[in-house]
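This report is an introduction to one protein chain. Please look over the sequence and the structure before reading on.

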Amino acid sequence: MAPAKKFVMLVMVFTLVNAPINAYSTEKDFVHCESTVKKWAASSLDAEVKEDRHTLRDLLFFLHIPRTGGRTYFHCFLKKMYTSYLECPRSYDKLRFDPSQPNCRLMVTHDDYSMVSKLPQERTSVVTILRNPVDRVFSTYEFSVEVAARFLVHPNLTSATQMTKRIRSKNKEVSTLDIWPWKYLVPWMREDLFSRRDARKRGDFNSIRESNDSYDMEDVVMPLREFINDPVARDIIHNGATLQVAGLTNNSYFSESHEVRHCVRKYQALGEYVLEVAKKRLDNMLYVGLTEDHRESATMFANVVGLQVISQLQALSSSMEQADKNTSDMNSSFQNYQPDSNYLLATDISVTENVGTSNENARLQVPEVVLQQIMSLNNLDVELYNYAQGIFAQQRKRLMSKLVEAERQLITLSSSYAIHFWKVLSLVLLLLVLLVLLVNARRRTLKVKV
């Protein structure tokens, strides 16, 4: 038998022998992964607090999913109501967290739901905002490129990296490079931008045709089609909202998060367990907003969350006035706390934030196959977003019912006041009539005597 035939026969025999072994190994690995994910999901659902989710508790945790417009809510609402003293030292401008701080009332961060494990769960209310997954991927890509491109003023990547380190060591303020997920995405895109700039100088892109699609400019920046298929994007961006609400990002505090996330990435069918946990957590949140309904979301947020915050802080202000003199400096910011609730009751609040919606025309140039791939890669986020739309509709209905009930009570109260007014007026008139009769009677009596 020729050597070539012998080699082919050996390969075939080896394949036939190892096929069952590989199949068994794969099945065993799937069973292990399924068990791991199921166990995590069951424990996560059991840990959910079953109390009234519509009432604001002592601590408000704003779970900010990137590129959803959350900073508008933070700066336009929450930061105006909560003083810096009440912000937990992990919100945007701070990166150290002490869950034992007794006066911590507001947490606003890109951390995922696992942060709740560091908080007093029975005293914590969670709010979040979701966005159409395709738009969120576009916006994430755009923002990553925008921030990374700022470093191109430097002659090379080494210079940019060294200068950044020097500035960050001197400046105590938090930069984008300190915050998840940008601390991963921006350096990745920055390295790619410098690499392509160097390649252009060498003439490596001379054969590449010009493109009218700003998301496919290979000689300048990583094309969107390449971006969405990179392992970094698959690990951090795709289905990011679901993983963040579930507490399973690569920034998670859960010890089992890495293994669960690995199993879900490997066996997509297991993602359904993660999705169910994320849906349940949305159900138990104080408020769920939608980026696409930004104006209505803000109005609803103001009425559902804002009014409760004001009521809570006014009660806190009253109690703090009775506190020990040692805390008088801390109390000073509350002594005359009189928030203007009128803007919260407005029926039309205009708020805007640059969340990447200005490039809609450019996005129309992106091939349909790329859009479909983004949808496929974010299948869990698509389902979660649809579910969030249902919750949003329920919130709207509940708020409208409250407004109708408040109007009815106002009408009833007005009617009651009107009835009371006429009763009092009738009594006054009756007294006046009696007084007139009494005066006339006295006059007639006096005339008789005369």
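## Overall make-up

The model is predicted. Its chain has 450 residues, of which 41% are buried. The secondary structure consists of 15 helices and 4 strands.

Among contacts in the chain with a separation of 6 or more, 78% are between residues 24 or more positions apart.

## Helix α2

Helix α2 covers residues 70–81, which is 12 residues.

The buried residues of α2 are G70, T72, Y73, F74, F77, L78 and M81.

## Helices α4 and α5

Two packed helices are described by the angle between their axes and by the distance between those axes. For α4 (residues 157–170) and α5 (residues 182–202), the axes come within 10 Å and cross at roughly 150°. An angle over 145 degrees counts as roughly antiparallel, and α4 and α5 are therefore roughly antiparallel to each other.

Which residues make the contact? From α4 they are L157, A160, T161 and T164, and from α5 they are R190, E191 and F194. Sorted by class, this contact has 3 nonpolar, 2 polar and 2 charged residues.

## Salt bridges within a helix

The structure holds 17 salt bridges. One of them joins the side chains of K38 and E34, with an N to O distance of 3.9 Å. K38 and E34 are separated by about one helical turn because they are 4 residues apart in helix α1. An α-helix has 3.6 residues a turn, so residues three or four places apart point the same way. K38 counts as partly exposed at 39% relative accessibility, and E34 counts as partly exposed at 23%.

Another salt bridge is formed by K279 and E276, whose closest N and O atoms are 3.8 Å apart. Both residues lie in helix α10 (residues 271–283), 3 residues apart, or about one turn of the helix. Is K279 buried or exposed? With 16% relative accessibility, K279 counts as buried, since the cut-off for buried is under 20%.

K266 and D29 meet through their side chains in a salt bridge, at 2.8 Å from N to O. K266 is partly exposed at 47% relative accessibility. D29 is also partly exposed, having a relative accessible area of 24%.

Salt bridges also link D58, R105 and R123 in a network.

## H258 in helix α9

Helix α9 also contains H258. Is H258 buried or exposed? Its relative accessible area is 56%, and the cut-off for exposed is over 50%, so H258 counts as exposed.

H258 and L248 are 10 residues apart along the chain, and their C-alpha atoms are separated by 7.4 Å.

Note on methods:
Residues numbered from 1 in each chain as written. Predicted model: local features only at pLDDT ≥ 70, side-chain atom pairs only at ≥ 80, totals over all residues. Heavy atoms only, no water. Helix = DSSP H or I, 4+ residues; strand = E, 2+ residues; numbered from the N terminus. Expected span 1.5 Å × (residues − 1). Buried < 20%, exposed > 50% of the residue type's maximum accessible area, 1.4 Å probe, protein only. Salt bridge = Lys/Arg side-chain N within 4 Å of Asp/Glu carboxyl O. Axes fitted to C-alpha atoms, helices over the stretch in contact; angles between N-to-C directions. Parallel < 35°, antiparallel > 145°, perpendicular 65-115°, else oblique. Contact = heavy atoms within 4.5 Å. Nonpolar A, V, L, I, M, F, W, Y, C, P; charged D, E, K, R; others polar.
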